[in-house]
Amino acid sequence: MAMQISDSAMLATSGAKARARAAALENIRTEPAAVRIAIITLAVSFLTIFVVLPLVLVFAQAFSKGFMAYVTALAEPEALAAIKLTLLVAAISVTLNLVFGLVAAWAVAKFEFSGKTFLITLIDLPFSVSPVISGLVFVLLFGAQGYFGGWLRDHDIQILFAVPGIALATTFVTFPFVARALIPLMQEQGTQEEEAAISLGASGLRTFFRVTLPNIKWGLLYGVLLCNARAMGEFGAVSVVSGHIRGETNTMPLLVEILYDEYQFVAAFAIASLLAMLALITLVAKTILERRLDGGEDRDH
Amino acid sequence: MTIEVRKLVKTFGSFKALDGVDLKVDSGELLALLGPSGSGKTTLLRIVAGLDWPDAGEVLINGEDALTHGARERHVGFVFQHYALFRHMSVFENVAFGLRVQPRAIRKDETTIRARVKELLDLVQLDWLADRYPNQLSGGQRQRIALARALAIEPRILLLDEPFGALDAKVRKELRKWLRSLHHEINVTSIFVTHDQEEALEVANRVVVMDKGRIEQIGSPDDVYETPATAFVHGFIGESIELPVQVADGVVRLGERPLPLKAEGLASGASKLFVRRHDMLVGPAGSGAFEGAVQHVRNFGPVQRAEVALSGGETIEIDAPRDRELRAGDTVGLEPRRYRIFAG
């Protein structure tokens, strides 16, 4: 009987009981420790093998023959041309997509019209189509045998195997980024502030620059950032339309492949390291922007 | 400034938001558009402001056709339910916005603008918030700033769309009184939309009751409460008891029983009897037009609210003064002090 058990024994049992109860509670609240450790280990090792290791290897290979070899590889005229072309193409396609994305997002978020769902689906098309197909579409349109091929030849306009073709293909592939970043933001903000501005006598243009644009600037920057990263890194579509003319129509990703195929590992990885750095910078900027997007807005209505 | 709308029709897809609305607002009036959600009141307001366009009908502001002008040219102050303050601008810049975007020819210089904004912030008693941003303000403060912003352009008319709809009960009551006195001070022809009958009756000079895109009644707050024109108005404003009755040959019947109620001038057929809860007088069993058994009693301050099962089977809620305590199980007689019968 309970009455006959000595005090110390009672304390000991109650202590053990409390511990058992705490452990039981712990089990109810979360998964067992073994499961937690297994899952975390799995995630970390996966990330290490598939993300961290390749990134480290890119830089290791780039600097394998020393810093001077790295700099020399980047100073090659071919490398410089590729860097220049990549920057030019990114500038063109980001600008175009900034305008297109803004217009498309505006149409979707602020107007009601039939065919809206279809438009939203169209915006996503470049994400669901293989980049190689995207490139081929432009060959079909502007190639010598393409729909506009004859007309272009007659007027002496070069699109394929030149900057315009590369820019077009890149623009197509990176189209969704800006629109995608803006649509949910603009839908959430609604049209009331614009309506207020108009009723206060502001013109459409003024309303856009003084009310709409400041409200979406962080979202816009976010879209531009991702669009830029993808534009500089695009391989498939650009590879189809570029023609791989050395020193002329090779972008950085294309040059990496060519150099690698020619066993110039240091040069290939030197260029690759630039792209990797772009990725890292993009990642940091993206994190900062996401924080601004979440924290900067007032959600309490 | 007067506002007049004639035969206004507006449909959204298959939904008829406005179904032939005629309304005249006199100069200096503070008019309430009252109705349940979907009654078309906000649509009407937005059409007057130029933020929506009617399918048919006319809008006249001060006798001039307003439909030939967009929202930008109408000089209408509009206050939104969710404030719609420019979130990236300070309170000061919000109020100054309407002055800064004026065409260069009539735009005031910076000193005049600053003085005017200061004056408006004083008017809404929030001059100490000039440097804050909208997300640092409470709901009530935001709405007062929104009002100051709308007044900055010296609007010809002022339109308020559920201005206190997003605020809590206490702030609402304060702002109601404040809006009334502010209107008294500035005397701009104003229309405000609300679904809150108390708000409409307390603030407005005149109340327009709307339902399903039509105007049910226009009248003073007393009119719409004391002499509702339709069954809808009676049911919507104030707490009413509603009983289905039959009128035939000058006799009103509830089920089979004739009721000792006057039925002169009433059309025969199915009708509805409306009685305000507090107009149902409680007497001893056997007295009055109805008899019933008390089911529950709850006390609300000065009144007791009793659920009474009538002998015919219907259950009604009445508000009785607390001088005579009712108890569940009591059998009581009920006499409507005042009532109205509507066909349909």
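Predicted model: local features only at pLDDT ≥ 70, side-chain atom pairs only at ≥ 80, totals over all residues.
Local features need pLDDT of at least 70 and side-chain atom pairs count only at pLDDT 80 or more, while totals for chains, interfaces and linings use all residues. Residues are numbered from 1 along each chain as its sequence is written, chains are lettered from A in the order in which they are written, and side-chain values use heavy atoms, with hydrogens and water left out.

**View 1. The interface between chain B and chain A.** Here 25 residues of chain B are in contact with 22 residues of chain A (contact: heavy atoms within 4.5 Å). The two chains bury about 2300 Å² between them. Of that area, 54% is on carbon and sulfur atoms. Buried area is the accessible area (1.4 Å probe) that two parts lose on being put together, summed over both.

View 2. Chain B and chain A share 2 salt bridges (a side-chain nitrogen of Lys or Arg within 4 Å of a carboxyl oxygen of Asp or Glu). A:Glu195 pairs with B:Arg46 in a salt bridge, 2.5 Å from N to O.
Strand 6 (76-79), helix 2 (91-100) and helix 4 (139-152) of chain B each supply at least two residues of the side that touches chain A. Helices (H or I, at least four residues) and strands (E, at least two) are DSSP runs, numbered from the N terminus. Helix 2 of chain B gives the largest share, 4 residues.

**View 3. A salt bridge between B:Glu93 and B:Arg100.** The closest N and O atoms of B:Glu93 and B:Arg100 are 2.9 Å apart. B:Glu93 is partly exposed, at 22% relative accessible area. B:Arg100 is buried, at 15%. Buried means under 20% relative accessible area, exposed over 50%, and partly exposed in between (1.4 Å probe, protein chains only).

**View 4. A pair along helix 3 of chain B.** B:Lys118 and B:Asp122 form a salt bridge of 3.1 Å, N to O. Both lie in helix 3 (residues 110-123), 4 residues apart, about one turn of the helix. B:Lys118 is partly exposed, at 45% relative accessible area. B:Asp122 is partly exposed too, at 35%.

**View 5. A salt bridge between two loops of chain B.** The side chains of B:Arg338 and B:Asp279 meet at 3.7 Å, N to O. This pair links distant parts of the chain, 59 residues apart. B:Arg338 sits in the loop between strand 19 (331-336) and strand 20 (340-343). B:Asp279 sits in the loop between strand 14 (269-276) and strand 15 (280-284). B:Arg338 is partly exposed at 42% relative accessibility, whereas B:Asp279 is buried at 3%.

**View 6. The largest nonpolar core.** This core has 46 residues. A nonpolar core is a set of buried Ala, Val, Leu, Ile, Met, Phe, Trp, Tyr and Cys residues joined through side-chain atoms within 4.5 Å. B:Val95, B:Val117, B:Ile145 and B:Leu147 touch the most other members. Helix 4 of chain B gives the most to the core, with 7 residues. Beyond its neighbours within four places in sequence, B:Ile145 is in contact with residues including B:Leu85, B:Val91 and B:Leu137.
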